[in-house]
Amino acid sequence: MLPASWESRAAAKRASVLSAIPSQWRIPKEQISTPTECPNVMEIPRHYLSPEELTITETPPMDTLVHIHAGIWTAEEVMRAYCHRAAIAHQLVNCLTDAFFDTAISAAMQLDQYYRETGALKGPLHGLPVSFMDRFRITGRETAAGYVSWLGPTETTGTESLIVRHLRSLGAIPFCKTNTPQSMMLAETTNNIHGSTHNPYNRTLSSGGAAGVGEGALLALKGSPIGWGTEFAGSTRIPAVLNGLYSLKVSSGRLPMYGVAAARTSLPARNSTIAIISWDFALLQLVAKFTLGLANLQKDPCYLDMPWRQSKVYELSTRRPVFAVLEFDEKIQPQPPIRRVLRNTIHVLRSAGYQVIDWKPPVHAPAVESYFKIIGADGAQATREHIKASGEPPVPRLKDWYESRPTQPMQLPEYLALLEGQEKYQAEYQAYWESTSKHTISKLPVDGVILPVCADAACFENTLTYFGYSAIVNVLDFTAVTFPVGYIDMELDPGQDSFASLGKEDEGVHQSYDAKAFHGCPVGLQLMCRRTEEEKALKLVEMILQAQTQASMFFG
């Protein structure tokens, strides 16, 4: 018997996702317009949900937890509502790679029974639906992560990702997995199994990527309260800002990568980390408190014994923190909407009484370029092997690389020199950060740095090429929190302002800006703190959001 073709294996996987969607949740094909006919689908889920489902899925998830724990809503009711909304989201933007709704609803019913019989909760996240990027291993499910050759085997309790196991212990319930690109390293979420995930604000645009994330599109449509992704160059932060979401990228060791699927690379382990993404900032904070550095994560060999430190949050309430802003990294100029929201954020913070200084660190671009050389030092041989194993073709962004002669691995002395250079740069950056105490009123170093995540405010598929603003956080193993700031407005951001090109790449990013196509899409920023300062970063973003709210109330 001949082995199944890659096409039939991929088709079977796609069919399995659709078969998990109950017939009553299917949207008739004639009611699903093409992306060009109906680019923005943000409001469409509302037409297919019951009033009860709509209330549940549009209530801030922190309040949803309170309702479950108070017995106002059952875990089953909440799970069914989110499964339905996730099913609708998938039919609109193609974001899911696996849907195990029946299993999740059954788990929710068991939690309800436990609550009725004991009057107690299974944990602080009792009944919370949770989605995962398709790198996370979940018992009984496949983990393809964009490779046809990885389809087939299912995970066991012994292979399940440690963070998934931990979230179950807190009472959370996994219910679906989301799309990631072939190779797990592209800026677009596309592969030969599921195809491309679209941006729900404009389905002709990209939902972002790097290591994936159909999570961004799913969460933008409120098809999940909170999701989990990974980070090595902005993989979760990019989808977060392109889809109007909050995210937390942690420093290595504070959340376990143990059991998360990966292709072999030459990237040092500490540079690849987990990230959390949500449309509810309060929930993001809560989940961080219950997951960072806990003792039952010790099975991870890179575990860092550093549970949530409320003292770091309290310390910021005793004084006025100082912010710095990086408007331009001296390599690629951000597109007009990003420049506008940066200026507005500076104004809002200063109006609220915060000191904001300019950020002039050691230049980012050379360090980021070296970082990508480190990532590719092995010639990406594992990626080539995983693609070749099934006979599938490379996706468009990988075609030229794949069809060219295989790159030879870097010689060890050159690789070690790059690692040494990265360590030297990290020390220089740390020294610069400390030196900012000379420019602050408090005589303390800057608390956090606000900067773009991308130079691109939005993008069409296969056009995002520059990662200097996002990857610098990974180079330094710093923590970062993204937050939405507003929307692209073709009247406020026409793109016709004076522009002095700094080179071909800078000119390319400038030319790719399309005010009309990008109009109405979210725009966001990130706040960066030093290594293991997750508590501080979250609190600083909370302060920024409070300042924004006060400003909007004052100015109407």
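Good morning. Domain 1 and domain 2 of this chain bury about 4,900 Å² between them, and 56% of that area lies on carbon and sulfur atoms. The size of an interface is often given as the accessible area lost when the parts come together. Please keep in mind that what we are looking at is a predicted model.

Let me place the two parts for you. Domain 1 covers residues 8-290, and domain 2 covers residues 310-555. Their centres, taken over C-alpha atoms, are separated by 24 Å. To the contact, domain 1 gives 55 residues and domain 2 gives 67 residues.

I turn now to the polar side of this interface. How many residue pairs are in polar contact between domain 1 and domain 2? The count is 31, with both residues of each pair at pLDDT 80 or more. On the side of domain 1 that touches domain 2, the elements giving two or more residues are the strands β4 (190-191), β7 (202-206) and β9 (246-249), together with the helices α8 (237-242) and α9 (281-291). Sorted by class, this side of domain 1 has 24 nonpolar, 22 polar and 9 charged residues. The rule also finds 3 salt bridges across the interface of the two domains. As for a salt bridge between two named side chains, Asp477 and Lys249 meet at 3.9 Å, N to O.

Is α9 largely enclosed or largely open? It is largely enclosed by the rest of the structure, because 8 of its 11 residues are buried. The buried residues of α9 include Phe281, Leu283, Leu284 and Leu286, and also Gln285 and Thr291. At the start of this helix, a side-chain oxygen of Asp280 comes to within 3.2 Å of the backbone nitrogen of Ala282. Just after the helix, Gly293 adopts a positive phi of about 60°.

Finally, let us consider a residue in a loop. Leu49 sits between α1 (6-19) and α2 (51-58). Why does Leu49 count as buried? Its relative accessibility is 10%, and the cut-off for buried is under 20%. Leaving aside residues up to four places away in sequence, Leu49 touches Leu54, Thr57, His84, Arg85 and Ile88. By contrast, Leu294 lies 245 residues from Leu49 in sequence, and 38 Å from it in space, C-alpha to C-alpha.

Thank you for your attention.

Methods: Residues numbered from 1 in each chain as written. Predicted model: local features only at pLDDT ≥ 70, side-chain atom pairs only at ≥ 80, totals over all residues. Heavy atoms only, no water. Domains from an automatic or database assignment. Contact = heavy atoms within 4.5 Å. Buried area = accessible area lost by both parts, 1.4 Å probe. Salt bridge = Lys/Arg side-chain N within 4 Å of Asp/Glu carboxyl O. Polar contact = N/O pair within 3.5 Å; in protein donor to acceptor, adjacent residues only side chain to side chain. Helix = DSSP H or I, 4+ residues; strand = E, 2+ residues; numbered from the N terminus. Nonpolar A, V, L, I, M, F, W, Y, C, P; charged D, E, K, R; others polar. Buried < 20%, exposed > 50% of the residue type's maximum accessible area, 1.4 Å probe, protein only.
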